[in-house]
Amino acid sequence: MVFEMEECGGCRTCELACGYHHTKVFNPSKSSLHVINRSDNKPGFLIEIHLDNEDGIIGCDGCNDLEQPLCVIYCHKDEVLLTMIQAVITEKASNNKIFK
Amino acid sequence: MSKTKNIYCYAGKILRINLSNGKIETESTFKYVNDWLGSSGIAIKILYDELYSWVSPFDPANKIIFGTGVLQGTIAPGACKMTVSTLSPMTGGWTSGASDSYVGGHLKCSGYDLLVISGKAHKPVYLYIKDNLVEIRDAEDLWGKTTWDTIDTLRNDLKDPSLHVICIGPAGENLVRGACIIQDKVRAFGRGGSGAVMGSKNLKAIVANGSGGVQVAQPERFINNVNKLRERILNSDTTNKMRKYGTYSCFDAKQDASSIPYKNFQFVTIPDELAKVIDPRKVIDKYQIGRSCFPGCPIGCGQTLYLYDGDFSGLTTEKSQWEVFSTLQTRLAVEDPQFMVKANALANQLGVDVDMLGGSIGWAMECFEKGIITEEDTGGMQLSWGNVEVIIKLFEMISYRKGFGDLLAEGCARASEIIGRNSKYYCMQIKRQELYESLRGAMAWALGAVVSTRGGGHTTGTPQLETVGRLDPERMSKLYGIDPKDVDPLSYEGKPEIVIFTESLQRAANCLGICHFNTVWNDLDFIGLPEMAELYSSATGLEISPEEIKTITLRQLNLEKAFNIRHAKFSRKDDMPTARDLAEPIPTGKLAGWKIEIDKWNAMLDKYYELHGWDLKTGYPTKHTLDTLGLGSVYDDIHNII
């Protein structure tokens, strides 16, 4: 899923935190979410969040072992990012239901 | 520091590329880590050991070394800095600059702590680094492009809109002595002319895109350290102010401290009427459309601006920081408040250091005012204060070395040597590097900027707190080990101690990759040497104490001094303020009438040398000092040269 996040400053600390959550290594390439530069000159960045494992990227699990997702803890705009993670988890749950 | 079997957080390898013969090799980083702290610390060791005294900055034998911060690639607060170190075309000695850099993070994720580039490619090239794939690629199509066009072209060609790139612009290609290196359009490895060294090697750009990661030795201890520090930084008033206006939050304090150059430092405050018109905070309020910040940083001091009206309408860019405003807008007396935004973007596009531009154009404008430089020299241009059209034209003439710009591209020190006519007095430079720092009225700030081993500058031993209105005599006296009354910026006492502390702090921050604004350089509640020691120990598994960090960084500083003696022959005479700073009292503002007293300056410099264990007459490190720091053979090197 791809979200527009005009409040994002592009620090990509979320990628490091997420990679760490999955692998215990600060590895942004394993992160479930990626911050993508916009090419339309609009403010902010695009946030791509992977639901499932693919091409070495590990799907978002919403950090279900933590009170709050790790990416959200290290985000300047934590409330905005949290709504995206919640949307991803809802979508994932709904996909699983359909699949079943 | 205790040796352990497993070392974490470092990638483990140094990548060496010889552009003359295309040879690509790696070596272990670990042979350096017990004596040096990483990044620019390892870089000076390599430069000192491997550059003969006959090497000149544009010689293929010069090396340019990129170093990733030891903590870069982790979520440590502000750990987003990569450094570049080389033999400087500007000073003729050591230079090193740090920049917020995703390329650094990706270099590390590719497995490399440092990148050492030597030789000269036969034609324009760029480097592509993705893990074990290291390629020297053709860059003929990129040569001649601005940095922004270069980055857009590479992102387009390599089909990745988020690709991280460092590159040079026309200034670097044309060997402008103050050419810089630009990272992702908006951040610069600014000082010393490292962009010209890249240009001399026909190296246009570096792309890194690693797929690995950074592992820390003791995750729980490390994360605890990070979280504690984040909380302190997030809850600070300084952070709140910087989030809103970045470094412009110090505008009023800088005016109070007589620390804003106006008309090339003839004044060090700006007229109140002008201050109202060009207040940079109003520009941010009016044009901000977004934010900009870098990995791990709890502050996030960047803003994205869109100019929707005025002469530069249509420009979108990250706002400049304080230095651009001070070194270009006020130094050149420009009244259009948008100018700082345009000037910053244009300097970034051309790949040229803003301080070099401000220093050389400011010198030329003052010389024009005094009749020393005339229209005959400038090709008919009127170099009048605040003339935006002329200033922007000069940016381009300097970057392409056209007409009068060819002279200014040498920097003000060399330009004044070339034209003579007693123009040297108007050069605001130290060790041939243009100053943006106002030296009068803040003595630790002045001492740090003047003795800086990379020439005029405030990132190698210059305490910011003195000029931004955040003095806390009680806490600062404890931090620096001085009497509380000597925290007073006008006192000459206690200043050597402040500078020596800051020399260690800033070197450690650069080596670890931590932005200075996340350290006690910016706010006494932020990261100090004990916190750096904790972060480093928990991240690498190499236990280190604050005292050991001090020793290692002093070792580094002494080697920078030795490198400068070998290549630039800098001595005590080069640790003196500019002629103007010694001759003229502060003319306006709250400190009007205050003047540097040369006898007191010399006594302060004596004390600084004495505390360092350097010879009072020459400023050179003594044998005893070098022996103590484990640099015994360096003494023989120095004395073989002199």
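In chain B, S14(B) and S15(B) run antiparallel to each other and pair over 3 bridges; strands, like helices, are DSSP runs numbered from the N terminus, with at least two residues of E for a strand and at least four of H or I for a helix. Two strands count as paired if DSSP finds at least two bridges between them. Within this pairing, B:Tyr306 stands opposite B:Thr316 in S15(B). The two strands belong to an open sheet of 3 strands in the order S13-S14-S15 of chain B, with antiparallel pairing. Its edges are S13 and strand S15 (316–318) of chain B, each of which pairs on one side only. From one strand to the next, the twist averages 25°; axes here are lines fitted to C-alpha atoms, for helices over the stretch in contact, and angles between N-to-C directions run from 0 to 180 degrees.

A word on what you are looking at: this is a predicted model, in which local features need pLDDT of at least 70 and side-chain atom pairs count only at pLDDT 80 or more, while totals for chains, interfaces and linings use all residues. Residues are numbered from 1 along each chain as its sequence is written, and chains are lettered from A and ligands numbered from 1 in the order in which they are written.

The sheet in chain B also leads us to the other chain. The contact between the chains takes 24 residues from chain B and 24 residues from chain A, where two residues are in contact if their C-beta atoms, placed from the backbone, lie within 7 Å. On the chain B side, strand S13 (288–292) and strand S14 (302–306) each supply at least two residues, and S13(B) gives the largest share, 4 residues. By class, the side of chain B that touches chain A has 9 nonpolar, 14 polar and 1 charged residues; Ala, Val, Leu, Ile, Met, Phe, Trp, Tyr, Cys and Pro count as nonpolar, Asp, Glu, Lys and Arg as charged, and the others, Gly among them, as polar.

Chain A has an open sheet as well, with 3 strands in the order S1-S3-S2 and antiparallel pairing. Strand S1 (2–5) and strand S2 (33–36) of chain A are its edge strands. S2(A) pairs with strand S3 (residues 45–49) of chain A over 4 bridges, and A:Ile36 has A:Leu46 as its bridge partner in S3(A).

Back in chain B, the assignment, which comes from an automatic or database source, gives domain 1 (13–208), domain 2 (237–433) and domain 3 (439–524 + 545–641). The C-alpha centres of domain 2 and domain 3 of chain B lie 26 Å apart, and 23 residues of domain 2 are in contact with 29 residues of domain 3. H8(B) gives the most to the domain 2 side, with 3 residues.

Next, a helix pair: helix H13 (residues 354–369) and helix H17 (residues 412–419) of chain B pack at an angle of about 35°, with their axes 9 Å apart. Here B:Gly359, B:Ser360 and B:Trp363 in H13(B) meet B:Cys412, B:Ala415 and B:Ser416 in H17(B).

Finally, look at B:Cys80, in the loop between strand S3 (64–68) and strand S4 (81–87) of chain B. B:Cys80 counts as buried because 30 other C-beta atoms lie within 10 Å; the cut-offs are 20 or more such atoms for buried, 12 or fewer for exposed, and partly exposed in between, with C-beta atoms placed from the backbone. Leaving aside neighbours within four places in sequence, the contacts of B:Cys80 include B:Asp100, B:Phe294, B:Cys297 and B:Cys515.
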